[in-house]
Amino acid sequence: MISIGSPIWLIPAVIVAVTGVLLVWKAAGKGNAPERVRRLAGALKVFALCLLAICLIEPVWSGVHPRPHSNLFLVLTDNSQSHTQESSDDSGGSTLATQFKATLKPTPDSWLDRLGQDFEVHQFAFDRRVKTVRAFDELDWTGEASALKGALQSLDHRFEGRNVGGIVLLSDGNATDLTLDNLNDSFDDAELPPVYPILFDRNSSLPDVAIESVSISETPFEDAPVSLQCDVRVHDLSMQRITSSDLLVECCLLDADGKTVKTERMAISDPEATLPFRFQFRPIKTGVAFYRLQVTTLELGEGDDTPLKESMLANNSRIVKVNRGSEQHRILYVCGRPNWEFKFLRRSVEEDDQIDLVGMIRVAKREAKFDFRGRDGQSSNSLFRGFKGEADEETEKFDEPVIVRLNTKDANELRAGFPKDAKDLFGFDALILDDIEAAFFNRDQLTLIEKFVSERGGGLLMLGGAECFQTGDYERTPVADALPVYLDRTQFPDQASDLTLDLTREGWLQPWVRLRPTESDEQDRLKTMPRFRTLNPTQGIKPGASVMSTVSNSNGEHWPALVTQSYGRGRSGAMLVGDLWRWQITRAEEQPEDLPKAWRQILRWLIADVQQRVGVDLVTAEDVAPEAVRINVRVVNEEFLPLDNAQVKIRVTGPATLTKDDVTQVKASFVDPLADASTTEPAEEVVLNAEASLNEPGVYSAVFVPKEAGAWTIEAEAVTGDGGKLKADKAGWIYEPEVQEFQRSGVNEELLTKLAEKSGGEIVQEDALDAFVSILQSKPMPIVEAWTMPLWDQPLVFLIVLGCLVGEWGLRRSKGLP
């Protein structure tokens, strides 16, 4: 900025300048020399006079610059493993780590040395956590993570209130705790000082094939209950290499013992392609299981296929978790009369270890106490008198229905009939009602069934027996509220015979409704199904309900056959066909047994995601550490209300290393976030005491910080206040920091650029570091000082005036002017 040092001389200077200009210009018009020469000589003299007039007001050039050693500048270096990847086929090729070493080498007159002349420089390195370094020579680039967000937030907190002028960042930008999507939410606009990432040239000549994402879905589909999709990204592969050779990617799914479960291959046709691999398989064991995905790039040859060399191999492997559940689900089947449906339903789950079907079959309805079939003075039912040595008062009465209990857990379960209390009914995971009228239950029991679905989160399925739905008088009952269909009294034509079943669009999309792996096979199966003759017709489908299948008659009229919906915490279904057993009876010997398979898949859908009394939920605990896991255990009582007086212990085991050898248990340590890491004791199994949550009843939490990468398993045990031990729940999680660390090769320039813009910094090229240090003098800093320079007192001004006057005099003398 230019200012006037002597403003009182402004008017005299203007007068002198104007007068001199007029006189000189007037004199320049006289003489015999060419006009151009005279005007040039006059212009030189006018310029000299104007400079002298300006010197009278003493112009001063002023500004501000950072006060030496009053501002801090931080140098932050990434110490993670991803910087050790080579960039060429040569085994001695350069890495980012070697480039960092050369850039940070402390030599005289280096950019780092010049930075220290004007600023107070602090040096840091980070991987999982940030640490101070005296010299960058001590870095080894062996960190398992690149917690860039955590490092920046830690430095901001450490130097809060200090005069930090900026942060020089040396990193490849492949952060394990920061992405482009969450960058804006991670930092406030005024939270960070300016960040200046140094951009290094990393044009790799090697291709890279990486597992980009993995998604797992578990379905009740019996043949392949687990579906896994693995997206593999191809990067830096030249089109010339693709066209000149046959390249493909092989993806293998390995179990915990290293045995190959499935292998898929896909050809590479695009240098930047994403290849979707899909696996459908059936785990042999129930509970928590871990698998490993391994991808390899192969070049096909006449003999053996040759693996293609890549820039990194750490992103070619991924551990995946499958949890099919180890607990046995109990299903209560209530039927108004012995029928074929229960026979085939029971047979279908006899060898299923995860389903325990309990039957409650009414073999006779209530009879009047004064029925003539009883002898005088006897109120017990003659059908049950004399069995098992029961006393007369313990035998079923004439005014009670005769009920047969099957597969109960003990002699007292369901002895008094259908449960009347929540603690008895809520012990089941699902309830099936078949051919049983609403009058069988009292009003409290009907309400209890509705709460079983809405509050307990159980599954309810009503079958199409003769005394269900409308004919069972369920309309205007709490059970009707839970069903997915309206129980109206609409009359339908009496043509519900010779019915053909077909799937709807929603049914085709649900794996548990289909019985064949392909659409064509499923179409063929539907064509061979028998015609059904019994139906509880309805057209009233509730909002939010889904029709999975329909039946139609010869006239083309359609009715819903299978309808489902979510209700409260649970789900409900309506099977409106009443003679599914006909499917099995009419089956030819060469045909597969589809009805048992269909029943198993329907039951697995019915009990899927049913809440248990002890449940484990895992969430990240970034407030403790980037890799910390908060284990939340939810405990409920017999009525599935939050239990506040429980004692919860959590057993953490792992990690399990998945190799071709057996699964090995690696010693791990529980790390107290408030304790020094050196005080922790290694242990193969860590037991944590969970503490009750202050925010949510029935929830108990503990924090675990893993020290080893791999697969971890958790078992939560709860003991109630009266000493009762609840069934434990198991879960698992995978800690693989290298997944994000090695997600991509090269430099993530996009994230570094956005980080610089967000903080008010800028990208600095590696070869422009010296210029960057020089322009820091003009950058805004917390502490600055003013500087001034008098322009009129500069030798250059005197030389310009002298040069103009000498030039004017010489020009006039050479042309003979006066």
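## Charged side chains in a predicted model

Asp 177 is buried (under 20% relative accessible area, with exposed meaning over 50% and partly exposed in between; 1.4 Å probe, protein chains only), yet Asp 177 has no salt bridge, and the nearest side chain of opposite charge, Lys 149, is 5.6 Å away. Here a salt bridge is a side-chain nitrogen of Lys or Arg within 4 Å of a carboxyl oxygen of Asp or Glu; Lys and Arg count as positive, Asp and Glu as negative, and His and the chain ends are not counted.

This is a predicted model, in which local features need pLDDT of at least 70 and side-chain atom pairs count only at pLDDT 80 or more, while totals for chains, interfaces and linings use all residues. Residues are numbered from 1 along each chain as its sequence is written, and side-chain values use heavy atoms, with hydrogens and water left out.

Asp 177 sits in the loop between strand E6 (164-170) and helix H6 (183-186). Helices (H or I, at least four residues) and strands (E, at least two) are DSSP runs, numbered from the N terminus. A polar atom of the Asp 177 side chain lies 3.1 Å from the backbone nitrogen of Lys 149, and one lies 2.9 Å from the backbone nitrogen of Gly 150. With neighbours within four places in sequence set aside, the residues in contact with Asp 177 are Ser 146, Ala 147, Leu 148, Lys 149, Gly 150 and Asn 182; contact means heavy atoms within 4.5 Å.

Across the whole structure, a search finds 24 salt bridges.

| Pair | Closest N to O | Relative accessible area |
|---|---|---|
| Arg 337 and Asp 435 | 3.1 Å | Arg 337 37%, Asp 435 7% |
| Arg 630 and Asp 623 | 3.4 Å | Arg 630 22%, Asp 623 62% |

Arg 337 forms a salt bridge with Asp 435. Arg 337 is in the loop between strand E16 (329-335) and helix H8 (340-348), and Asp 435 is in the loop between strand E19 (430-434) and helix H10 (443-454), so this pair ties together parts 98 residues apart in sequence. Arg 337 is partly exposed, whereas Asp 435 is buried.

Glu 522 and Arg 525 both belong to helix H13 (residues 519-527), three residues apart, or about one turn of the helix.

In the remaining tabulated pair, Arg 630 is partly exposed and Asp 623 is exposed. Separately, a network of salt bridges links Arg 128, Arg 129, Glu 144 and Glu 627.

Terms used: A polar contact is a pair of N or O atoms within 3.5 Å; within protein, one must be able to donate a hydrogen and the other to accept it, and residues adjacent in sequence count only if both atoms are side-chain atoms.
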